[in-house]
Amino acid sequence: MSPVPHDKPFTLAGRTYQSRLLVGTGKYKDLDETRAAIEASGAEIVTVAVRRTNIGQNPGEPNLLDVISPDRYTILPNTAGCYDADEAVRTCRLARELLDGHKLVKLEVLADQKTLFPNVIETLKAAEILVKDDFDVMVYTSDDPIIARQLADMGCIAVMPLAGLIGTGLGICNPYNLRIILEEAKVPVLVDAGVGTASDATIAMELGCEAVLMNSAIALAQNPVLMAEAMKYAIDAGRLAYLAGRMPKRLYASASSPLEGLIR
Ligand SMILES: CC(=O)[C@@H](O)[C@H](O)COP(=O)(O)O
């Protein structure tokens, strides 16, 4: 059952999830810390950078899947470290081979190493090829509503605009663009990248995102396991607040206690 009563389930590629928090596996001290933090986060979907993490392509070396079992978690291979469409497509095909025909991928095509900003031209190219090749494509993109719309129209199953640049922890830099993306979304919108602390995740969910993906905020916290747990509650709190509907903002005061019936 969902931790948020009366909520519709979070569904991706025909599968439903209780948790709306997706987590990465990079930057942890060791595999034990990775496992403990992911467990504390309650996440059911774990993303893995295929070009940087051994999921079977280097036999004899420690394999992440021995710690994060595909029997327990949905593994979401991602194309981190790819700078053009060809590289990203090749990486997704490698993941499909390594994971026995697995179709769900997170596409990210980056523009340069300093900003790790999405290269949207190459992202659109890669998305088109991967969708035709029968992948279920979740796509990391800029917070540009027009690009987000094109990616959804092309057949991506989820769009993942950044909150801020990867690894910056700056939080949601442009909530107004996210609002526009969310208003016209035809597929689930997940914030991906830039979350720094629990309140950032809550804001993303309050805005109406279906879920949030993060890595650095948990892995680089002083206590990753505790932060992972904080993120779990932050996501649920944001989702509840979204469903509840916030009060309107006002410029002027409005007394909290009733004015009628006052004893004068
Ligand atoms: C793990 C992953 O997929 C990253 O590429 C992602 O975008 C997370 O970014 P943060 O590390 O800023 O959360």
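Which residues in α2 meet which residues in α3? The legends below refer to a predicted model.

**View 1. Contact of helix α2 with helix α3 in the predicted model.** On the α2 side, Ala85, Ala88, Val89, Cys92 and Arg93 take part, and they meet Glu122, Lys125, Ala126, Ile129 and Leu130 in α3. By class, the residues of this contact divide into seven nonpolar, no polar and three charged. Helix α2 covers residues 85-98 and helix α3 covers residues 120-132. Their axes come within 8 Å and cross at roughly 35°. The crossing in which α2 passes α3 is right-handed.

**View 2. Packing of helix α6 with helix α8.** Helix α6 spans residues 198-207, and helix α8 spans residues 224-244. The axes lie 7 Å apart, and the angle between the helices is about 30°. Angles under 35 degrees count as roughly parallel, and α6 and α8 are therefore roughly parallel to each other. The crossing of α6 past α8 is right-handed. From α6, the contact draws on Ala198, Ala201, Thr202, Met205, Glu206 and Leu207. From α8, the contact is made by Ala230, Met231, Ala234, Ile235, Ala237, Gly238, Arg239, Ala241 and Tyr242. Sorted by class, the residues in the contact of α6 with α8 are 11 nonpolar, two polar and two charged.

**View 3. Packing of helix α1 with helix α8.** Helix α1 is formed by residues 31-41. The axes of α1 and α8 come within 7 Å and cross at roughly 20°. That angle makes α1 roughly parallel to α8. The crossing of these two helices is right-handed. In α1, Glu33, Ala36, Ala37, Ala40 and Ser41 are in contact with α8, where their partners are Pro224, Val225, Ala228, Glu229 and Lys232. The contact of α1 with α8 has six nonpolar residues, one polar residue and three charged residues.

Notes
Residues numbered from 1 in each chain as written. Predicted model: local features only at pLDDT ≥ 70, side-chain atom pairs only at ≥ 80, totals over all residues. Heavy atoms only, no water. Axes fitted to C-alpha atoms, helices over the stretch in contact; angles between N-to-C directions. Helix = DSSP H or I, 4+ residues; strand = E, 2+ residues; numbered from the N terminus. Left-handed = near helix turned anticlockwise from the far one by under 90°. Contact = heavy atoms within 4.5 Å. Nonpolar A, V, L, I, M, F, W, Y, C, P; charged D, E, K, R; others polar. Parallel < 35°, antiparallel > 145°, perpendicular 65-115°, else oblique.
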